[in-house]
Amino acid sequence: IAGCRVTVPFGSNKIYSGIVRRVLDAAQVNSNNTAISLHGQIGDSDFATELFSEGKKNIVIKPIIDLLDEAPIITETMFVFWEWIADYYLCNLGEVMQAALPAGLKLQSNTLWTLNPEFEAENKLSKSEMAVLYAMPKNASKTSDELSKLSGIKNVLPQIKKLLEKGALELEVSLSDNYKPKMASFVSVAAEYSTENAMHALIDSLKNAPKQQAILMAVLQFGLNNFDTPTNSPNALPKFEISTKDLLSFSGISSAPLAELVKKGILLKSFKRVERTDTVETEIVGINPLNDFQQEAYRKILESFEKHATVLLHGITSSGKTELYIHLIEAQLQQGKQVLYLLPEIALTEQIINRLKKAFGKQVGVYHSKFSDSERVEIWNRSTQSKTGELTKHTNVEEFADYKLILGTRSAVFIPFNKLGLIIIDEEHETTYKQQEPAPRYHARDAAIYLAHLNNAKVLLGSATPAYESYMNANIGKYGLVELTQRHGNMQMPTVEILNTVKLRKQNRMKTHFSDPLLIKIKQCLTNKEQVILFQNRRGYSPFIECSDCAHVPVCEYCDVSLTYHKYKNILSCHYCGYSIESLKKCPACSSTALETKGFGTEKIEDEISIMFPEANLARMDSDTTGNRNAYRKLISDFEQGKTDILIGTQMISKGLDFDNVSTVGVLNADNMLNMPDFRAFERSYQQIMQVSGRAGRKNKQGVVLIQTGTPDHAVIQNIVKGSYQNLFVQEMEHRKMFKYPPFFKLILFNVKHFDKPLTDRAAESFAVLLRSRFGNRVLGPEYPAILKIRNKFQKNILLKIERTAPLSKGREIILQALEEFKASGAFNNVQIIINVDPY
Ligand code: ADP
Ligand code: ZN
Ligand code: ZN
């Protein structure tokens, strides 16, 4: 059946699993020469490529060894969605499948499986399942290939699949996974002791074991204090569970006597998944009524949905876009529909979850990125309805089984839905929605719009600074457009002041990277107990160091970039490949000790501010300080609680965070954003500065944004001062049209890579010729990108600019032809060509 997993032999003695796409009858087989069209090998992209590039050529018909599923794990709609992604982003279906399926469904040959220590067989295992289970060592993990050898069973995938479902095997979860759910143990009172009388009798009988007595007394007290006794039988104890950890700290007793009680069967132990965030129960506050402007916007959105599948909500920061989402979600839930809520960053889910919980309480199952892989598999199975029966034992998914609201980052577009009504894409302009590596290099916003189309659902895009694509689509009537131009309550937009660093430097009013007016303002805030945010879009201490004697700059061994100095860790590191070395004391070229740091990043700002304002509490937020989730949460909550006076950070601080005591936002260097070698530099600078500015302002007091720049008359800066998104948009559109850039033209980037530089050059040249013969002057390059070499591979880029209105499928076909011809020439066998559609 199409959509089921099967195993097939491949090559001489390899066995792969794949998903059946289509079953053909004998006549079709004869004409097509293929028995089934297998959708790529799960786990081995070479095989997938092979299969797809074979295309119309003869495929040897192979028998299917095993059918792994009784019912499809993929719906037809999902197949169509996958196919669209593969088509549009010029990749193969195997790659889409890789991205889409939870690891537990992939049965990849390189996936590591481990024994579930909690497993107890409830149903009988088959002989072959036992063989696999016994072959599995206790304290190690094994791949399916290894298990095949150990158990002597050639094709172990069906057994692995069964053992997974029964909970005997688990996917090995890497320890570095910060989002792994936490399991905690709980105890409850065994049924026979669950009356007060029985409990007292039991406690009395344990005279010789005072510690066990104390534990039971603590259990009893906890139950009676926190739960209501059942009304029908007053002597009965309430049913409850207490976490082992709480119990031990509550009773002050060590764990040995507790273990004894569990052993005797008096207390029952169980494991449950606890959400790391849920230490405090959120109270349901209900949904805020909309203010007049929001009410009007809400009405317009609904009206607009009658004509448009996609609506863009252009609302300034703090205008209440999130409040509108909540109202729209509620309406969908009432109709029994599902909502997909996309966020640009995983770290943001927590805050939104809390807001949603306040609005809806627990009745809304929220599927989010913290779910473990086994839970994903469970949810996947339920919504594709392949399993009607049992839940696997070790997941705790019942409460989420009926999930209606799905919160997630870009990969959430691959979650299966059956009643999708609405997709909300918050901060739709964010670049994190685009996957760059590996394929499929998809844009979640664009994919979501297609997904909604397949499901007959609506899409709401929300942003204070929409992507130019989206805004243009709204202007030409392809999307609906609804605006919110007032902040909620009596909050006002902050005033913006420009500080001309060139002039101030001449007047001797710059101290290193800080202008006098900015420093005075910071001082003032500290005195008034108001908070400050300082924004610098570069992490580390300084982007490079330079020898003052010979001008040597240390660069990465593998990439053509200078190494960034990180003072705190005392290392020089490459921001492209992660290579790092201990910081240098002497110049490697001339041994001089006169090494100077050049430029500045967030670390240096922190360093200097701490010297200038020793009394202030500082915190820094960038990807170096938020490596794990708790660190991120602590930074945010310390700032919210006023423990931090000055928060220094990269654009990370500008995303969706609401603080209410920030009076000043300082942008330290607007120029390095404006000068990025990217046709979107102005669009992005405007977005970033406006987003971070949006953090300024308090309930009853207007905030201030101070922008340091050497080019105060720059169009971007001027439009930021005026808060005119529209002006800059119109002006930029002229340029984009003139120079054939999006949204008027579609870009496809071909990134040619190889270890050998001359070979890379020749390959790129030859491929460009092939493209040019087909697309003419729409082909630009090959050119060296800004960074010539990354991870030891040289690269050259070819850019194809296609008219927006050109038919997609035609272009795709021609490109594939050109690739085919390139490969057929045989001269560039190991040269990689990475295709990136809508690359920027
Ligand atoms: P946006 O998503 O546009 O930045 P938010 O929805 O986060 O705006 O609203 C900003 C702040 O104003 C939040 O703290 C929110 O709770 C509050 N707010 C907005 N609208 C309302 C409303 N109608 N009633 C109560 N509070 C509101
Ligand atoms: Zn030197
Ligand atoms: Zn590097």
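Q: Why does Cys-590 count as partly exposed?
A: Partly exposed sits between buried, under 20% relative accessible area, and exposed, over 50% (1.4 Å probe, protein chains only). Cys-590 comes in at 34%, so it gets that label. Keep in mind that this is a predicted model, where local features need pLDDT of at least 70, side-chain atom pairs count only at pLDDT 80 or more, and totals for chains, interfaces and linings use all residues. Residues are numbered from 1 along each chain as its sequence is written, chains are lettered from A and ligands numbered from 1 in the order written, and side-chain values use heavy atoms, without hydrogens and water.

Q: What makes Cys-587 buried?
A: Its relative accessible area is 2%, so Cys-587 is buried.

Q: How do you know which protein atoms are donors of the zinc ion (ligand 2)?
A: Donors are N, O and S atoms within 2.8 Å of the metal (3.2 Å for Na, K and Ca); water is not among the atoms, so sites may look incomplete. The SG atoms of Cys-547, Cys-550, Cys-587 and Cys-590 lie 2.3 to 2.4 Å from the zinc ion. Along the chain, these donors follow the spacing C-x2-C-x36-C-x2-C.

Q: Why is the site of the zinc ion (ligand 2) called tetrahedral?
A: Four donors count as tetrahedral if all angles lie between 85 and 135 degrees. Here the angles among the four donor atoms are 106 to 112 degrees, and the site is tetrahedral. The ideal for four tetrahedral donors is 109.5 degrees.

Q: What makes the pair between Gln-294 and ligand 1 a polar contact?
A: A polar contact is a pair of N or O atoms within 3.5 Å. A polar side-chain atom of Gln-294 lies 2.8 Å from a nitrogen atom of ligand 1. For Glu-323, the distance to an oxygen atom of ligand 1 is 3.3 Å.

Key
Four donors count as tetrahedral if all angles lie between 85 and 135 degrees; four count as square planar and six as octahedral if opposite donors are over 155 degrees apart and all others between 65 and 115; anything else is irregular. A polar contact is a pair of N or O atoms within 3.5 Å; within protein, one must be able to donate a hydrogen and the other to accept it, and residues adjacent in sequence count only if both atoms are side-chain atoms.
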